[in-house]
Amino acid sequence: MRNFFYQRLINEYNNFLRLSLNNRRLLLSYIFFLISYPFHEIFVNAYLWRQTEGIELLLVYNIFSFVGLPIGFYINGLLLKALNIKSLYLSGLLIQAATVISIVFFKDFNYLNIAIYGMSAGFGSALFWSNRNYLSLIFTERSTRLYSVSLESVSYSVLTITVPVIVGFFITLGPSTGNYSLELAYQISMGLNLILVSISGLIIYLSNIDDLNDPVVLLRNSSKFHNYNRVYLFFSEIFNGIFMFIPTIFILKYAGEENILGSVQSVGALATACIIYLVGRKFKEQSYYKILILSWILMIIGAFLPFIYFQSATLILMLIILNIGSEIKFIVTWSMIMNLVDNEVKDHYELRYAYIADNELFINLGRIAGALILGILWVVFPADVALRYIVPIVVMIQLISLFVAKPLLRQHEYST
């Protein structure tokens, strides 16, 4: 039995070595970023909810973050003409960390300041993700792309098994024991976040990655199939427009405190890690559409669970199932996007960044639409009604993306 597991580890290590050196370096940087991820995504939303226990601050912060992302992608493209990609990669991480530190230390909770914080977080995230996606597109090959993306998803899932639950218990331990305040716990957490993202950025900044040629920033002409891709991304991301913060609201409103929030994230990540690993290792490009259907079925099941019995346990199970379905959809979507870009640009490599920025625009238009749908429901209906119906509504709207995906996959000679 020991030899069996040892051989499995050797095989996995050899598979890992199939990736290029730069791809492995990028993955290591991403791992440190993932350790910091719960601080500036999950718990900053929890902190904002704690201030008013209303959705208004969360909506303003997240909507302006979604606005800042595509703007940041285009500005980053212009900056790449004058600055090194490694400097911009590191700067994006530091801007994100500085933003969440400012939120918990300065506590300027009016709509204007929260909007500015959201734009800053989105801009910093754009500098990180645009350069990371650009490097990922360059450093991955089509033959190993699904495996590389699945490794990233497994890393995301494995690390979010432990980090959220540890952070959640740390935040609630102080107030429950009287050793430190909730405010101090958040401040310490965001300081640790700064250290982690600094390490992530320095791995790339101190590497020997060559600077890149001047990219084209704006996509002026697009094919029929890239227009299909725009529609796919818009409707696919409507769900993520709420799922980036709706778990925080459900858990803190109906199920408990930050320790429960962290535990739910961890349990969901454990289940997701196992499934994502199997998807990445066992399935090939020919199965992309089947995987998308599977993800949508899981999300439908999760979305309608609260209608069977609306209680905290059901909500927790819903969030876990939705997380699994969302991550399965992500690994196919990201692989499909990168393959589409390869096919579209052909030998015109300077166009790759323009496609990445254009994709980001439609991704965040979809997210903004999802957040606005929640905002409208929140205004028109009682809070409990709005929260109960928002997930099924956006999951059903997302079904449109499934129909658009089929001609996209056929165009690239994938068997569906």
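Student: To start, at what angle do helix α2 and α6 pack, and how far apart are their axes?

Tutor: Bearing in mind that this is a predicted model, helix α2 (residues 21-40) and α6 pack at an angle of about 150 degrees, and their axes are 9 Å apart. Angles over 145 degrees count as roughly antiparallel, and that makes α2 roughly antiparallel to α6.

Student: And is the crossing of α2 and α6 left-handed or right-handed?

Tutor: The crossing of α2 and α6 is left-handed.

Student: What about α6 and α14, how do their axes cross?

Tutor: Helix α6, which covers residues 111-139, has an axis that comes within 11 Å of the α14 axis, and the two cross at roughly 70 degrees. That angle makes α6 roughly perpendicular to α14, and the crossing in which α6 passes α14 is right-handed.

Student: Staying with α14, how does α13 sit against it?

Tutor: The axes of α13 (residues 288-308) and α14 (residues 312-345) come within 8 Å and cross at roughly 155 degrees, and the two helices are therefore roughly antiparallel to each other. The residues of this contact divide into 19 nonpolar, eight polar and one charged. As for handedness, α13 passes α14 in a left-handed crossing.

Student: Switching to the surface, which residues form the nonpolar patch?

Tutor: The patch is formed by F304, F307, I376, V379, V380, F381, V385, Y389, I393 and M396, which together have about 880 Å² of accessible area.

Student: Which helices supply at least two residues each of that patch?

Tutor: Those are α13, α15 (352-380) and α16 (383-411), each of which supplies at least two of the patch residues. The largest share, four residues, comes from α16, and I393 is a patch residue that lies in this helix.

Student: Now charges: how many salt bridges does the structure hold?

Tutor: There are two salt bridges in the structure. In one of them, the side chains of R230 and D358 meet at 2.8 Å, N to O.

Student: Where do R230 and D358 lie, and what does the pair tie together?

Tutor: R230 lies in helix α9 (residues 224-237) and D358 in helix α15, so the pair ties together parts that are 128 residues apart in sequence. In general, side chains of opposite charge can pair when their charged atoms come close.

Conventions
Residues numbered from 1 in each chain as written. Predicted model: local features only at pLDDT ≥ 70, side-chain atom pairs only at ≥ 80, totals over all residues. Heavy atoms only, no water. Axes fitted to C-alpha atoms, helices over the stretch in contact; angles between N-to-C directions. Parallel < 35°, antiparallel > 145°, perpendicular 65-115°, else oblique. Left-handed = near helix turned anticlockwise from the far one by under 90°. Nonpolar A, V, L, I, M, F, W, Y, C, P; charged D, E, K, R; others polar. Patch = residues over 30% accessible without salt bridge, like charges linked within 9 Å, V, L, I, M, F, W, Y side chains within 5 Å. Areas by Shrake-Rupley, 256 points an atom, 1.4 Å probe, with all protein chains shown as cover. Salt bridge = Lys/Arg side-chain N within 4 Å of Asp/Glu carboxyl O.
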